Amino acid sequence: MNENDVRTMLRRRAGDIVVDPPPWSELGTERLVAEERRPSPPRWLAAAALLVTVAVTGSLLLLSRRSEPPVSLQQVAPPELPFEPASAAPIWPGPADVPLGDTRLADARQVAAAYLESRMPRPVRWGDGRVDEAAGTASLPWTRSDAVAAGEPNGPSYSGTVFLRRIDVRLAETVVPRWHVVGSMDDELRVDRL
Amino acid sequence: MTDWDAGLVHLYETRYRDLVRLAYLLTGSAEAAEELVQDAFVAARASWTAVREPYPYLRTVVVNRARSWGRRRQLEHRQPRPSERAVGLDADELWDALATLSPRQRAAIVLRFYEDLPDGEIAQALGCRKATVRTAVHRGLAALRQEIER
């Protein structure tokens with residue numbers, strides 16, 4: 001068996017199946033409506049989940065003060081957030097030790113890095129992403145793989161994107177640009193599906 | 001319909017089949033493949049305005065969902081036997097062997113030999129380093145050979 005055998009087999013298998021896509025209108029309504037109408041859990045269950053979340057988060061905070069273990073990636077916002085990056089409200093107040101007029105807040109990449117560092121102490125690898133100064137929006141992808149770093153090539157890796165929006169701030173007589181994190185998504189970490 | 005929505009619809013109409021075939025190779029299940037791709041398109045609507053490269057983005061979503069599907073299936077079934085996997089299709093030793101790979105190895109093999117992607121793009125889709133991709137492909141091929149010789 002060689003690489004060409006694999007290539008041939010994959011092409012043949014891909015051609016074996018008949019794909020008949022449903023009309024977009026059906027996909028866009030039925031599935032979305034189904035998602036929207038998914039029955040919500042009972043209130044007591046939601047309250048119990050909230051209590052557990054608070055307890056787990058509190059425990060993690062206590063542990064992090066003692067030995068700074070890795071923060072659970074499940075704390076990262078889930079993917080596919082229903083927000084509009086160009087108008088969404090900030091979800092993070094910004095780095096606590098940086099004054100309002102600091103130039104670092106005018107750099108989308110530095111703000112995104114500070115945001116992710118505030119949630120995950122371990123470093124991530126940043127992709128190129130896109131910073132659209134004219135539109136005042138930015139999307140910056142990142143990846144992180146604990147398992148690979150630990151020598152396990154088949155372990156999980158994580159990737160996501162931080163979305164930012166620039167909101168100009170008036171300070172005395174000048175207007176300074178400031179980037180805000182307005183969203184965060186990830187393809188792997190679906191808390192609601194774990 | 002907005003411009004960006006129209007772009008997504010166009011992508012759906014032109015690349016849906018390609019993505020389903022890719023998902024099928026990643027999962028081995030035609031039914032799951034259609035589900036995964038439809039879910040990916042529905043999910044893409046939520047973040048579509050921020051997407052720079054639409055097809056690679058959707059491909060990455062499909063690959064990640066297929067890997068998650070594969071991990072869940074491995075947990076549920078613990079490597080089904082070939083006879084269980086080949087339902088409805090001709091017996092195919094190499095296809096059956098593909099089902100024995102880990103989700104990441106399988107994805108690396110499919111993206112390399114079906115999509116013909118370079119290491120960098122596979123690494124981006126899998127969220128890992130290029131070296132990891134090369135390792136996954138190498139070990140995946142070795143595992144396929146071993147499975148066939150068994």
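1. A quick convention before anything else: helices (H or I, at least four residues) and strands (E, at least two) are DSSP runs, numbered from the N terminus. By that convention A:Ala14 sits in helix α1 of chain A. What you have here is a predicted model, in which local features need pLDDT of at least 70 and side-chain atom pairs count only at pLDDT 80 or more, while totals for chains, interfaces and linings use all residues. Residues are numbered from 1 along each chain as its sequence is written, chains are lettered from A and ligands numbered from 1 in the order in which they are written, and side-chain values use heavy atoms, with hydrogens and water left out.

2. Staying with A:Ala14: is this residue buried or exposed? A:Ala14 counts as buried, at 1% relative accessibility (buried is under 20% relative accessible area, exposed over 50%, partly exposed in between, with a 1.4 Å probe and protein chains only). Leaving aside residues up to four places away in sequence, A:Ala14 touches B:Arg21, B:Leu25 and B:Tyr114; contact means heavy atoms within 4.5 Å.

3. On to the charges. Taking a salt bridge as a side-chain nitrogen of Lys or Arg within 4 Å of a carboxyl oxygen of Asp or Glu, you get 9 salt bridges over all chains. One of them pairs B:Asp116 with A:Arg7, with the closest N and O atoms 3.5 Å apart. B:Asp116 lies in the loop between α6 (103–113) and α7 (119–126) of chain B, and A:Arg7 belongs to helix α1 (residues 3–16) of chain A, so this pair joins two chains. Both ends are partly exposed: B:Asp116 has a relative accessible area of 43%, and A:Arg7 has 21%.

4. B:Asp18 and B:Arg15 are 3 residues apart in helix α1 (residues 3–27) of chain B, hence about one helical turn from each other. B:Asp18 counts as partly exposed at 28% relative accessibility, and B:Arg15 is partly exposed at 28% as well. Shared partners also link salt bridges into a network made up of A:Arg7, A:Arg11 and B:Asp116.

5. Chain B as a whole: 8 helices and 0 strands. Of its 150 residues, 55% count as buried. Among contacts between residues at least 6 apart in sequence, 63% join residues at least 24 apart.

6. Last, the packing of α7(B) on helix α8 (residues 130–149) of chain B: the angle is about 95° and the axes are 8 Å apart (axes are lines fitted to C-alpha atoms, for helices over the stretch in contact, and angles run from 0 to 180 degrees between N-to-C directions). That makes the two helices roughly perpendicular, a label for 65 to 115 degrees. The contact uses B:Asp119, B:Gly120, B:Ile122 and B:Ala123 from α7(B), and B:Lys130, B:Val133 and B:Arg134 from α8(B).

Terms used. Angles under 35 degrees count as roughly parallel, over 145 as roughly antiparallel, 65 to 115 as roughly perpendicular and the rest as oblique.
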